[in-house]
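This report describes a single protein structure.

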Amino acid sequence: MPGITFEDFTSGMAIDGGPLTVTEAEIVAFAAEFDPQPFHLDAEAAQATFVGRLIGSGWQTAGFGMQLLQRHAFRGATSMGSPGIAELRWLRPVLPGDALSISVRVESCRASNTKPDRGFVVFAMTILNQDGEPVMTQNFTVMFARRGATPLPPRRVEAPDDAPLIESVDAEPLCFLETAPLGAARELGAHRFTPEAVMAFARTYDPQAFHLDPEAARQTHFGGLCASGWHTAAAWMKRLHITRGRDVVHTARTGPVPQLGPSPGFRDMRWLAPVYAGDTIRYTCTLVDKRATASRPGWGLATHQNVGVNQRGETVFSFTGSVFWQWAPGA
């Protein structure tokens, strides 16, 4: 595998790459696993939704962006991971048959003040479709090894979680956004990252050594096989839908169920600690702000804060997201 280092990047550098063609089968398969909303799953059912047609999950679009980034900006090599994303915006839907490409700019490069074996590169990336229209933008930081530096020792990896994973059966009534209380937290339950699932996700969306190969991962600073940050985020979405599914059934017994629409994006995503193969992450979603939208009568925009905590009580993941949410019954 060819190497890549911090010194291979300079501020102002531009990197382009692609295309990657998206198929309907890929869209439906990802949605079935992580984001089972009608407008991602079925073209006919999508016609009756907020969106009106079959589109790809935004989380899958981010995964395609990671695949293109690794292929072109990283030149097929492995970074040292990312501490997080300042902001991501989904600007246009990705449709079956779209051919995606990336346009990347290096915003800044900074050597680490505390770990002399690495440096931080800040990127601004735009994903474009075949018509040159931007479908997603992302501002984020990646760590790379310093050329010639002596690597620090790998992390010590704890034993995997072998406690039984029991699915919750609790259910709560779903509110329309107008009456949804701010500060309300919903426990989304737990997801275990098996080695097989970690490697399968990486092969499709994030093919870096520490996600793909247990032995190669042990030689990296992570010290063991760990999940892609995008896998951690997609699992949050999966848990959201599993929990919401119970809440939908509970709410429908007594009244109308508020619909959710797509998300325009998120900010301040932080991957705070590695999620290792065998780890179990428990997710929580808290409503922190809301407003009615003038552009979409009957709908509002909800802001939610999300965290993931591993079996040792360590917060490993957080972000602030937004989603269109039906404002009131009959809207």
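## Basis of the model

The structure is a predicted model, in which local features need pLDDT of at least 70 and side-chain atom pairs count only at pLDDT 80 or more, while totals for chains, interfaces and linings use all residues. Residues are numbered from 1 along each chain as its sequence is written, and side-chain values use heavy atoms, with hydrogens and water left out.

Helices (H or I, at least four residues) and strands (E, at least two) are DSSP runs, numbered from the N terminus.

## Helix H4

Helix H4 comprises 16 residues, 58-73. From its first C-alpha to its last it reaches 21 Å, close to the 22 Å expected at 1.5 Å a residue; the expected span is 1.5 Å times one less than the number of residues. Of the 16 residues in H4, 14 are buried, where buried means under 20% relative accessible area, exposed over 50%, and partly exposed in between (1.4 Å probe, protein chains only).

At the N-terminal end, Ser57 caps H4, with a side-chain oxygen 3.1 Å from the backbone nitrogen of Trp59. H4 is followed by Arg75, whose phi is positive. Arg75 lies in the loop between H4 and strand E2 (84-90), and its phi is near 55°, in a residue other than glycine. At 46% relative accessibility, Arg75 is partly exposed.

## Nonpolar cores

A nonpolar core is a set of buried Ala, Val, Leu, Ile, Met, Phe, Trp, Tyr and Cys residues joined through side-chain atoms within 4.5 Å. The largest such core has 66 residues, and the members that touch the most others are Trp59, Trp230, Trp236 and Met269. Apart from this core lies another, of seven residues, including Leu177, Leu260, Leu287 and Trp325.

Trp230 has contacts (heavy atoms within 4.5 Å) with Trp59, Ala62, Met66, Ile85, Leu88, Gln138, Phe201, Phe266, Met269 and Trp271, residues up to four places away in sequence not being counted.

## Salt bridges

The structure holds 18 salt bridges, each defined as a side-chain nitrogen of Lys or Arg within 4 Å of a carboxyl oxygen of Asp or Glu. In the pair Glu172 and Arg186, the closest N and O atoms are 3.6 Å apart. Glu172 is partly exposed at a relative accessible area of 35%, whereas Arg186 is buried at 11%.

Glu215 and Arg218 form a salt bridge with closest N and O atoms 2.8 Å apart. Both residues lie in helix H7 (residues 214-218), three residues apart, about one turn of the helix. Glu215 is partly exposed, with a relative accessible area of 43%, and the value for Arg218, also partly exposed, is 43%. In the salt bridge between Arg312 and Asp279, the closest N and O atoms are 3.9 Å apart. Arg312 lies in the loop between strand E9 (299-309) and strand E10 (315-326), and Asp279 in the loop between strand E7 (265-271) and strand E8 (280-292), so the pair ties together parts that are 33 residues apart in sequence. Arg312 is partly exposed, at 34%, while Asp279 is buried, at 2%. Salt bridges with shared partners join Glu167, Asp170, Glu172, Arg186, Arg239, Arg246 and Asp247 into one network.

## Backbone geometry

The peptide bond from Gly18 to Pro19 is cis, with omega near 0°. Pro19 is found in strand E1 (residues 14-21).

A positive phi, near 55°, occurs at Asp268, a residue other than glycine. Asp268 lies in strand E7 and is partly exposed, with a relative accessible area of 33%.

## Strand pairing

Two strands pair if DSSP finds at least two bridges between them. E1 runs antiparallel to strand E3 (residues 99-111), to which six bridges join it. Among these elements, Thr21 has Ala99 in E3 as its bridge partner.

E3 also pairs with strand E4 (residues 118-128) in the antiparallel sense, over 10 bridges. The bridge partner of Val104 in E4 is Met125. E3 and E4 form a hairpin, with six residues between them.

Technical notes. Polar contact = N/O pair within 3.5 Å; in protein donor to acceptor, adjacent residues only side chain to side chain.
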